[in-house]
Structure formats: structure tokens, C-alpha cells
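Please read them beside the model.

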Amino acid sequence: MCVLVTASCSSSEAPDGLAASSPRTNGTYLALGDSVPFGSYDGAGDAYEDADNFVGYPQLVGAQLGLAVSNAACPGETTVSFRDGGCGYRESYPLHVSYGSAGQPQLDFALEKLAELDDVELVTVQLGANDAFECQRSTRSRCTDATDVQAFARSVQSNLDSILSALREKAGYGGQLVVVTYYVPNSDEAFGQALRTLDEVIDTVARAHDAAVADGYEAFREKAETTAGDTVEAGLVYPNDVHPTDAGQRVLADAVLAVVD
């Protein structure tokens, strides 16, 4: 996610002492998406100058599977900017990887990486939440009216379909592809419906491209049952934020691992 570049793309240290990148052993894991896979940090502002301060579920999954992690995620990325370029975070702060040029879209980086490497064992994609936040900012209903939600969903469906098509067909990647759905970060029931609609779109598009779906929504819902669905109270999301805590990142990692062959 990452609603604004200055928002807490929320980890002061790698969970369980993990480094931000995994040693190369059994191949490569390419992680794509927004601030959720980029990683979380709940600390001082100068932490943004070092991407290694941000540890997300890709690092946890890579360590578990023994894969070298290439985490190309960019906080604030939408399905549009992923394809066309324009992720503003990169203008101010470093990412975990260096793109080929300042304006290179994340999709182009991914296609180059897949062409360059012959040992990519896993690709994950998590996109769409920032599209929902943009819908919330740009519509009078704040993305709660059915018409606004449907328009947002159609846009994400079209964009995500073209992204997964490019990974499968243009890059010729036939390996394990996992698309990750989103949790509901707060108790805003009306906007939560938009996020659930997003997850339905993600599920539909993923399956059309022979991709597994890691169900972040259900994983968080189960963990938050004892707190009446409050993901902040359950310790999964930072207070006054939308980003997962270290515990939340571990839940997402488990959701990915559950569907990896």
C-alpha cells in the first residue's frame, strides 16, 4: 500500500533477526507490488534512507524456502504505475533493488529480470490497494457507492490482467506465480467492502493466469477473531496506519507458503 510517500510504510529490525535479503541457495524469488511486500517500519523518518530497514513477507518466505530474494516492490505503486511507471516513492527514497532507469516501470524491471535469470522459482504479486485508496480520494462517495466501486474494480481487473499476461506470455514465465490478496486494515466497514471487492477481482484474474492465491484477507480475519475483527487490536496492523506489523508480515508469509508447491 503506502497511501502517501511519507506514510509509515511501516520494522525497526528484521523479524526474528532475518536480514533484508536472503542468501542465494536454491534459486531466486522475485517479489513485486506495493508497500506491503516492500516491508514495514515503525520508527524514525531517517530509516527511509536505507531500504534494508524495511522487511516484508518476501524476506520471510525467501528465508524459509532458501531462495535469494529480489524484492522490486515500490511503496505507493498502483496497477497503473506498475505498468506505465510513476511510482513517486522512488523519487525520494531507495528501493531494495536498482531499476534500469529512473523512469522504468516495475513491470519492465520484472520482465528484464525474468529474461536475465533462469533460476526464478517463485514470483509474487500484490497490487490494487493503492488503486482503492485513489478511488477513496477521488470520488465523492469515498469509494463506497456501488458505481464507484464497480468502476474501480473494472480498472484493476483490466490492469492486473495485462500485468499477469505480460509475466506469463511476454516473459514466458511458467513457474510458480502467487498473487496476494489484502486484509482490511481498519473498522471502516464501507471502505472494507471495496477492499473485499478488490480481493474478489484479484482472485478471479489470478486463476485465469494459472496463479495461486495467497489469501491475506482470510489469514488476517482468522487471527483477529479474538479481537472482534480488529486487526490493530490483534497486533497485525500499526495503529493509525494501514501497514502490517512484523506479526502481520509473518501472517502474510504463512499465507504465501501455504500455497507454494
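The points below take the basis first, then the helix pairs, then the pocket.

1. This is a predicted model, where local features need pLDDT of at least 70, side-chain atom pairs count only at pLDDT 80 or more, and totals for chains, interfaces and linings use all residues. Residues are numbered from 1 along each chain as its sequence is written, and side-chain values use heavy atoms, without hydrogens and water.

2. Helix 2 (residues 57-65) and helix 9 (residues 246-257) cross at roughly 50 degrees, and their axes come within 8 Å. Axes are lines fitted to C-alpha atoms over the stretch in contact, and angles run from 0 to 180 degrees between N-to-C directions. Helices are DSSP runs (H or I, at least four residues), numbered from the N terminus.

3. Contact means heavy atoms within 4.5 Å. On helix 2, Tyr57, Leu60, Val61, Gln64 and Leu65 take part; they meet Gln249, Arg250, Leu252, Ala253, Val256 and Leu257 of helix 9.

4. Helix 5 (residues 129-138) packs on helix 6 (residues 146-170) at about 145 degrees, with axes 10 Å apart. Asp131, Ala132 and Cys135 of helix 5 touch Asp148, Phe152 and Val156 of helix 6.

5. The largest pocket has 18 lining residues; Val184, Asn186, Gly229, Asp230 and Thr231 lie nearest its centre. (A pocket is an open set of points on a 1 Å grid where a 1.4 Å probe fits, with protein on both sides within 12 Å along at least five of seven lines; lining residues have an atom within 4 Å of a point.) Helix 8 gives the largest share of the lining, three residues.

Definitions and conventions: Helices (H or I, at least four residues) and strands (E, at least two) are DSSP runs, numbered from the N terminus.
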